[in-house]
Amino acid sequence: MDDSWKDWVHITKLDPDKVINNDAVAEIATSGTDALMLSGTLNVTQENMRELIAQVKEYDLPIVVEPAGPEAVVLEEVDGLFVPSVLNTPDMRWMVGTHQYWVKHNHIDWNKVVPEAYIVLNPASSVGRVTGAVCDISAEDVAAYAEVADQYFSFPVVYIEYSGTYGDPAVVAAAAEAVTDARLFYGGGINSAEKAAEMGRYADTIVVGNAVYD
């Protein structure tokens, strides 16, 4: 996809495994959010992903898919594919293994792909449990992961993911100081303008997810 995503400051994340009615989708789509990210960790299939795409595609917003695995990749009728690699896990499937499988078994339209370096920091979250992420790490550790992602691997996105709980602003600030080229995304527990503003001081882009369903 083109580089317009680098200007997004607010993304709304919708989960294909959760039910949202059309009125709520309309409210989200007209709220001023910059894009819709269709993403979930559990029970995400091409079928329910396509159902969600059909529900949201009438709105004049960029739609991107963030797949939990190869089985959830859908490229039709979406603007981009944001593909996560989890840095802070000893299970290399979530850094490169599932990605290799995906490439081996599919023809990839690389023009639509944006790689994301995920740093998962909520051990109770679905993504934390599934990936086996080591979440009990210091701000210094997070900053080091962020710098490796940015300077060594050249990921265009470094994503601080607290997934369902509000994170530590000092940790996000440390990551922001370590990143020079990548866009810093923050997701987790944003359910008020105050929290969005606090994390927005450090992150380039705020991702709102679970609050949509609360």
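Partly exposed means a relative accessible area between the buried limit, under 20%, and the exposed limit, over 50%. The legends below use these terms for a predicted model.

**View 1. Glu76 pairs with Arg50.** The two side chains form a salt bridge, and their closest N and O atoms are 3.1 Å apart. This pair links distant parts of the chain. Glu76 sits in the loop between S3 and strand S4 (80–86). Arg50 belongs to helix H2 (residues 46–56). The partners are 26 residues apart. Glu76 has 46% relative accessibility, so it counts as partly exposed. Arg50 is also partly exposed, because its relative accessible area is 37%.

**View 2. Lys13 meets Glu66 in a salt bridge.** The N to O distance is 3.0 Å. Here too, distant parts of the chain are linked. Lys13 is in strand S1 (residues 10–14), and Glu66 is in strand S3 (residues 63–66). They are 53 residues apart. Is Lys13 buried or exposed? Lys13 counts as buried, because its relative accessibility is 12%. Glu66 counts as buried as well, at 3% relative accessibility. Both values fall under the 20% cut-off for buried residues.

**View 3. Asp204 and Arg183 form a salt bridge.** Their side chains meet at 3.9 Å, N to O. Asp204 lies in the loop between helix H7 (193–200) and strand S8 (205–208), while Arg183 lies in strand S7 (residues 183–187). The pair therefore ties together parts that are 21 residues apart in sequence. Asp204 counts as partly exposed, because its relative accessibility is 30%.

**View 4. Lys13, Glu66 and Glu161 make up one network.** Salt bridges that share partners join these three residues. Side chains of opposite charge can pair when their charged atoms come close. How many salt bridges does a search of the whole structure find? The search finds 7. Among them is the pair Lys13 and Glu66.

**View 5. Val148, Tyr152 and Phe153 make a nonpolar surface patch.** The patch covers about 340 Å². Tyr152, one of its members, lies in helix H5 (residues 139–152). Why does Tyr152 count as exposed? Its relative accessibility is 65%, and the exposed class begins over 50%.

Terms used
Residues are numbered from 1 along each chain as its sequence is written. This is a predicted model: local features need pLDDT of at least 70, side-chain atom pairs count only at pLDDT 80 or more; totals for chains, interfaces and linings use all residues. Side-chain values use heavy atoms; hydrogens and water are left out. Patches are made of residues with over 30% relative accessible area and no salt bridge: like charges are joined within 9 Å, nonpolar side chains (Val, Leu, Ile, Met, Phe, Trp, Tyr) within 5 Å. Accessible areas come from the Shrake-Rupley method with a 1.4 Å probe; for residues, only the protein chains shown count as cover. A salt bridge is a side-chain nitrogen of Lys or Arg within 4 Å of a carboxyl oxygen of Asp or Glu. Helices (H or I, at least four residues) and strands (E, at least two) are DSSP runs, numbered from the N terminus. Buried means under 20% relative accessible area, exposed over 50%, partly exposed in between (1.4 Å probe, protein chains only).
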